[in-house]
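My notes follow the order in which I checked things.

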Amino acid sequence: MESAKPPPPTTAQLFQVFLRLRPTSPQSSVSETRFLTAVPGQNCVYVTPPQQRSRFRAIERFGFTSIFDELSEQKDVFVETVMPLLQQAISGRDGTLATLGVTGSGKTHTILGSKDQKGMTQMALDVLFSSIGDRMVDYSGVDIIASDHTEAILMDAVTFHERMNSALDGHASKRSSLAHISTPKAPDVSDLSVDLDSKSKYAVLVSMYELYNDRIFDLLDDSGANNQNRRKALIFKKPSTTAAWDTSKESKKVVAGLRKVYAKNLQEALQILEHGQASRRASPTHSNSVSSRSHAFLQVEVRRFSPRGNEKGGASLHIVDLAGSERARTAKTAGERLAEAGSINRSLMCLGQCLQLQTQVSDNGKPAVVPWRQSKLTELLFSNSFSGAGGGGQRASMIVTADAMGDFNATTQILRYSALAREVTVPRASSRQISGMSDSSAASSTLEELTVISTTITQDDSKDALIARLIAQLEETEARWRDAEEHCLTIEQQVREEVADEMEERLEEVRRETLEHFEMEEEWREGYVDGKLEILRKGIEIREDAPPDAAERIRELESENEALRRELLALRREALGRSPSKGRSGGRGFPSPLKGMENLEIY
Ligand SMILES: Nc1ncnc2c1ncn2[C@@H]1O[C@H](COP(=O)(O)OP(=O)(O)OP(=O)(O)O)[C@@H](O)[C@H]1O
């Protein structure tokens, strides 16, 4: 049986994994009862399946580095998860903070805060700038642009702001919504600071990008400020040059062509953050009114300079707001949103595999190989750690966010792959009370019971243990089956879209061909009509420019005509005079051939 006590971190373990429970609310509730119960002292959480889900009702226990329950404040989370990473970045070692969870579980709330609460990002910037204080490098005395070796486009915050604002000209609503954003004051972090190197000056560069449908886009690119589709995708690669101070054999991979804005103070940094945030893709889904449709990366780069202005080193703190995994059926997404969800779920699945393997040891006793090259997301998150990049790799923290009354299957699955330890137990006592937990007081009273149950089972015979394991496997298989079903649904939708696209393309082709045909015919007709008109025109010309003897000829013909007419009239009279019975032919009953010619007019 696996133990729910988190093992000591191994050298291969990249992420410390924290669990944060968000306060439950009637709007976010998907389940009728609470299925998560945290035991902060033990750093573990119990998962009790709702009654109708399992006849056997196996209880799972997951271990984490630390647990933040519903009552935890933003600052509590910050101090434990971000402060060590910030100190690490100041000291020249990269760090990453990421949030993982089902859609609507509180990832963005944790990372970016809300109207009245700062998130991890704002607090990190606040502590960083207040710690640096007057030790900020004099940007006018240092050629920061020339010294860059990350293939970035560097600019100061004022230039950036002007470019963004001119790009937003004519988009008054977006511009004014940015102008009115004010960062909340709480929580106060003025009591926190990081230690600096007494002989160094510092520069802070902020960049932001998002991974959308497996492509990297710069969130600070002014060409995409009012139209996300205009942004060009960037490449994650090794730079062609390395910094003079970087003595490592392998250079770190960078997002080439990324805009990096150097900020002098907190206000400038927050403005950059707001601009980047406004460019991010988010859409309402059934599960979350403002759901992130991309994985967003904020990079806070701290560069260290000697008092003379020579660069001595640098490292970055990456803050990553991952898009939430979601079930198509629950989120009720379709079309573009469903395709986005497919891409999000695939990348999160790869991340899940990497997280699961980071704590495992292979048969030969060595740490298991982490397949981080499988997706762009894991490559961005892990490549500078596992490829032995400069700075000796990074250390990172993952905050798993969960709603105790959210989607049971999706939440449990995330806990299964992200937890550092796991234990499965089969309760013997009546489980009715356990499933009946509906608020935190009920939950705490049942906790003792759960602990007793767990102890009983651990001491019990191996048959029960086997049953428990099998039940857990069954539930896992069930969950995988449901996921596969979702996956099939996504694929079906994609195929439908591809077929529809192809059909539309074919229709367009036919329409184009028909149009071309019409145009050719039109051209031919025009030519034909032109030809006819030309003939007519010539005819008119002939008439208008008749030769001088033509009039004479006409007169001759007219008099000839007159003579013939007279001759014919005389013949007619003669014929009528000879006929015995006027109107009859020579007694044989045939009508006279001249009958009807009496009134004949000859012209
Ligand atoms: N710890 C918390 N305290 C108070 N409110 C919270 C907390 N966590 C989440 N919420 C609220 O729940 C709602 C959804 O949260 P949020 O947008 O952060 O979810 P998410 O996990 O980022 O979702 P998605 O993946 O769809 O972007 C928001 O209105 C947020 O304010």
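**Ground rules.** I am working from a predicted model, where local features need pLDDT of at least 70, side-chain atom pairs count only at pLDDT 80 or more, and totals for chains, interfaces and linings use all residues. Residues are numbered from 1 along each chain as its sequence is written.

**Whole protein.** I found 15 helices and 18 strands. Both are DSSP runs numbered from the N terminus: helices are H or I with at least four residues, strands are E with at least two. The protein has 603 residues, and 37% are buried. Buried means 20 or more other C-beta atoms within 10 Å of the residue's own; exposed means 12 or fewer, partly exposed is in between, and C-beta atoms are placed from the backbone. I then looked at contacts between residues at least 6 apart in sequence: 75% join residues at least 24 apart. A contact needs C-beta atoms, placed from the backbone, within 7 Å.

**Helix α4.** α4 has 13 residues and reaches 18 Å from its first C-alpha to its last, close to the 18 Å expected at 1.5 Å a residue. That expected span is 1.5 Å times one less than the number of residues. Is α4 enclosed or open? It is largely enclosed by the rest of the structure, because 11 of its 13 residues are buried. Among them are Met120, Met123, Val127 and Ile132. Glycine 133 follows α4 and has a positive phi, near 50°.

**α4 against α7.** I checked α4 (residues 120–132) with α7 (residues 266–279): they pack at about 155°, axes 10 Å apart. This makes the two roughly antiparallel, a label for angles over 145 degrees. Axes are lines fitted to C-alpha atoms over the stretch in contact, with angles from 0 to 180 degrees between N-to-C directions. From α4, Thr121, Gln122, Leu125, Asp126 and Phe129 make the contact; α7 supplies Leu266, Ala269, Leu270 and Leu273.

**Leucine 196.** I found leucine 196 in the loop between α6 (172–179) and β8 (201–212). Leucine 196 has 18 other C-beta atoms within 10 Å, so it is partly exposed. What does leucine 196 touch, not counting residues up to four places away in sequence? It touches Ile90, Ser131, Ile132 and Arg135.

Methods: Contact = placed C-beta atoms within 7 Å. Parallel < 35°, antiparallel > 145°, perpendicular 65-115°, else oblique.
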